[in-house]
Amino acid sequence: MAEIHLRQLAHSYSANPQGHKDYAIREMDHVWEKGGAYALLGPSGCGKSTLLNIISGLVTPSEGQILFDGHEVNSLTPQQRNIAQVFQFPVIYDTMSVYDNLAFPLRNVGKTEAEISAKVKDIAYMLELEDVLKKKAKNLTADEKQKVSMGRGLVRDDVSAILFDEPLTVIDPHLKWKLRRKLKQIHEQFNITMVYVTHDQLEASTFADKIAVMYGGQVVQFGTPRELFEKPEHTFVGYFIGSPGMNFFEGSFQQNELYLEGQLISLDKEMKSKLAITPYNSLKLGIRPEFVEVLDANSPLLNKLNSNDNDAKTALLESCANCFKCEVLLVSDLGTYKIVTLKLGDTEFKARLPEEQTVPSGSVYVRFPGNWLKVYADEYLID
Amino acid sequence: MKKVENNKAWLLVLPVFLLVAFSAVIPLMTVVNYSVQDIFDTTNRYFVGVEWFKEVLRDPRLHDSLIRQFTFSFFVLLIEIPLGISVALMMPKEGRWSALCLILLAIPLLIPWNVVGTIWQIFGRADIGLMGYYLNAIGIDYNYANNSADAWATVLLMDVWHWTSLIALLCYSGLRAIPDAYYQAARIDRASGWAIFRYIQLPKLQSVLLIGVLLRFMDSFMIYTEPFVLTGGGPGNSTTFLSQTLTTMAIGQFDLGRAGAFSLIYFLIILLVSWLLYTAMQHVEKGE
């Protein structure tokens, strides 16, 4: 087990990288702590697999250092780093039985047959492979093969870390959940540092304590699933995490006031002073669909009023802070909740509402609560 | 689902049937026809049943060349298969060097068989041949025309030179088809070089090796041109293989009945051994 520290790490597959575009991994500093369960989340081609292969030693980074417990391992082979890695597609040794497959990594380092047998049986029990131990590995189903692949990583309890590269891609959906639970249990039992690469946010948040979101060769946020949801530090995190993703609006900051679609947004003093000193090219305001309030007669804001007084209601809505009049474009009922597509100015956005709330057609007032409205300068959160 | 019988479909098989008939069945049947008759001339021919077969099977000349033939094929496989695999393993995986290797390997395969025989016939001569001359110069008494061990060594060496490339090329393509993930997994599993060969490369080469072994067995068992040009079967009868014995019998002595019976036995031996090799290797592949 080891703490893995990536120091000023960068990697380019071209010999003479010119600018950001040539880098698969852009310079980053990152620490995976000892014994943690981490997910590396990001879209295809963002550099997740490259990063994983750099950690395991299959790829040597072109710049920077990898430290295991403070020792540089850049020039060490995967064998020397003592790392286990499970790949996206099952890799099994065709001619061996399942037992021999699982025993292979242990035999390679000269463990005794007694130790091997005990360990293999342990893992076979955990992965429910006991019944097929004697079978030839090539005759297994895809699911079982991948379990064998995973098992080969898990039998080694002395490893620095176990890396998973989208290991459940080929697994049936109903088994996926079960295997993820298994991995989590194994993690709790042995406390091995685990890094799990995926492009599925659900998979990431059920497996990991902390998630690193990668985008364009960089880790743009490293935090708990909750932090990623409530406080995305990069517009990409907002967009990628959550279903549907975060809504973004063009913002403008003039004479010490913030405007959204030409309408004044209430802002505390601290935020204003930060905005005033931050240089930026573009300014965006983001809010999650879950936090958009669609105002109706039952809303706390309007509830106080005498419900029949329409003029007073309109006056209140027009004057309330962060309230906007929008056009309703589409209401999708998803059974347990509703997704409403709205239009404010020229920007379409979505709100997620409870199943029982009714949405009038035509126009409606929405409110963006100030604490959930995030400000992004050049895609990064101002906090 | 109920199968629909449609006998017109047989018509579609007819072209293949005709082709096979003319290329294989009819020629083979003429041999069968010869083998059961004693033919003196076009009007005097007698049906003799299996007499020729009995006689051929008792013929010591056939026994000797059969033993020689099996020994030859055995050594051919023993040398060429491991050598071909090693060459394939040592070849560069990509780039211009791999292209160069491929071209070099392909050259022996492109040379006509009688030319191969001629090349080695001259190469081995003690007076003007590079190999023969220098072997003698360093004190090895080498003369393939006089010494049967030298003749054997030269014939084997020639075959190895001629055909190892085939195995190497087959194995190279087999190795190239192994996904990188297997090697990566093996490195992660801390496998030694030998373990990688034994548990990844060799199993993945099994199907190309099956083809390679069968081809090399059949070809070496039928070898004719090269030893005929190189040694003419000598010295004595020491490098006279089955095909040459047969040719002498059929064309030299015009002993059609005996030669027909011999041909059929020859054919059956190749069929049987190929089947045995095939079954054995399939068995290994299934891993039972």
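Chain A has two assigned domains: domain 1 (4-94 + 159-239) and domain 2 (243-382). The bounds come from an automatic or database domain assignment. This is a predicted model: local features need pLDDT of at least 70, side-chain atom pairs count only at pLDDT 80 or more, and totals for chains, interfaces and linings use all residues. Residues are numbered from 1 along each chain as its sequence is written, while chains are lettered from A and ligands numbered from 1 in the order in which they are written.

**The two domains of chain A**

- The centres of domain 1 and domain 2 of chain A, taken over C-alpha atoms, are 35 Å apart.
- Six residues of domain 1 of chain A are in contact with nine residues of domain 2 of chain A. Contact means that the C-beta atoms of two residues, placed from the backbone, lie within 7 Å.
- On the domain 1 side of chain A, the residues that touch domain 2 are two nonpolar, three polar and one charged. Ala, Val, Leu, Ile, Met, Phe, Trp, Tyr, Cys and Pro count as nonpolar; Asp, Glu, Lys and Arg count as charged; the others, Gly among them, count as polar.

**A sheet in chain A**

- Six strands of chain A form an open sheet with antiparallel pairing, in the order 13-12-11-14-20-21. Strands (E, at least two residues) and helices (H or I, at least four) are DSSP runs, numbered from the N terminus. Two strands pair if DSSP finds at least two bridges between them.
- Strands of a sheet pair through backbone hydrogen bonds, either parallel or antiparallel.
- The edges of this sheet are strand 13 (263-265) and strand 21 (380-382) of chain A, and each pairs on one side only.
- From one strand to the next, the twist averages 45°. Axes here are lines fitted to C-alpha atoms, for helices over the stretch in contact, and angles run from 0 to 180 degrees between N-to-C directions.
- Four bridges join strand 11 (residues 247-254) and strand 12 (residues 257-260) of chain A in the antiparallel sense. G251(A) has L260(A), in strand 12 of chain A, as its bridge partner.

**Backbone details in chain A**

- A cis peptide bond links S243(A) to P244(A), with omega near -5°. P244(A) sits in the loop between helix 9 (235-240) and strand 11 of chain A.
- N82(A) is not a glycine, yet its phi is positive, near 55°. Its loop runs between helix 2 (78-81) and strand 6 (83-86) of chain A.
- N82(A) is buried, with 20 other C-beta atoms within 10 Å. The cut-offs count other C-beta atoms within 10 Å, placed from the backbone: 20 or more is buried, 12 or fewer is exposed, and in between is partly exposed.
- E379(A) also is not a glycine and has a positive phi, about 75°. E379(A) lies in the loop between strand 20 (374-377) and strand 21 of chain A. It is partly exposed, with 18 C-beta neighbours inside 10 Å.

**Chain B**

- Chain B has twelve helices and two strands.
- The radius of gyration of chain B is 24 Å, well over the 19 Å that the globule rule gives for 288 residues, so chain B is more spread out than a compact globule. The radius is taken over C-alpha atoms, and the rule is 2.2 Å times the number of residues to the power 0.38.
- The C-alpha trace of chain B spans about 80 × 75 × 35 Å along its principal axes.
- Of the 288 residues in chain B, 29% are buried.

**Where the chains meet**

- The contact takes 21 residues from chain A and 15 residues from chain B.
- Helix 8 of chain B gives the most to the chain B side, with six residues.
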